Amino acid sequence: MKLIYIHGYGSNRASRKFVLLERHFTSYEARCPEWTPETAFDLWLDNLYNSLKTEQTIVLVGDSTGANFAYQIKEKRKKEGLQTILVLLSPLLSYSQRLNKNLVFTENLKNSLVDIFSPADAFLLIGKQDETLDLRQLNPYTCIASELVYLDDTHRLPLFEDYLGYISAYIARQVLILSK
């Protein structure tokens, strides 16, 4: 099975989280498609989707801004009857949730994001001390078939390695459900 990690703003494939995921999930073919604020996102998302459409089931992990893109890919795959096990880390669900107004998003990047008010079919790791995003308006009761885990951590999830067990357990449960 493939594991795709979509990094956050200002990161790349050398991301600490991607490296840890790659080391932990050794039986998965892991990759991290890179993007920058200047990326042609319509084309980038189409190319990523097309590169995965022969895979019946994938694991898709999105971090911060990358979580928004991961969710968009999952929704497109769902329309085509393809299965996606989705993990969202400190997810940017809406541009309006940003607390750090000093971090300027290009119009290109801002316009490529969608508003996700009730993420469905996902596993979300959320730091309670997130200094970058305000996720207090996220209502876990409206997140259909999603699991939310609130952690004593910050946006960057410096204790991420400690959470790999949560992610593994979620993926294992989803694989079991999808195989029925």
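Some ground rules. Residues are numbered from 1 along each chain as its sequence is written, and side-chain values use heavy atoms, without hydrogens or water. Because the model is predicted, local features need pLDDT of at least 70 and side-chain atom pairs need pLDDT 80 or more, while totals for chains, interfaces and linings use all residues.

Pockets, then. A pocket here is an open set of points on a 1 Å grid over the protein atoms alone, where a 1.4 Å probe fits, with protein on both sides within 12 Å along at least five of seven lines; lining residues have an atom within 4 Å of a point.

The largest pocket has a volume of about 440 Å³, counted as the space filled by probe spheres set on the points. Its lining has 20 residues, and closest to the centre are Tyr9, Asp63, Ser64, His155 and Arg156. That lining splits into six nonpolar, eight polar and six charged.

The second largest pocket holds about 220 Å³. It has 14 lining residues; Lys74, Thr84, Asp121, Gln174 and Leu178 lie nearest its centre. Eight of the lining residues are nonpolar, three polar and three charged.

Now Ser146. Which loop holds Ser146? The one between strand 5 (123-127) and strand 6 (147-151), strands being DSSP runs of E, at least two residues. Ser146 counts as buried because its relative accessibility is 15%, and buried means under 20% with a 1.4 Å probe, protein chains only. Its side chain reaches the backbone nitrogen of Ala122 at 3.1 Å.

Terms used:
Nonpolar A, V, L, I, M, F, W, Y, C, P; charged D, E, K, R; others polar. Helix = DSSP H or I, 4+ residues; strand = E, 2+ residues; numbered from the N terminus. Buried < 20%, exposed > 50% of the residue type's maximum accessible area, 1.4 Å probe, protein only. Polar contact = N/O pair within 3.5 Å; in protein donor to acceptor, adjacent residues only side chain to side chain.
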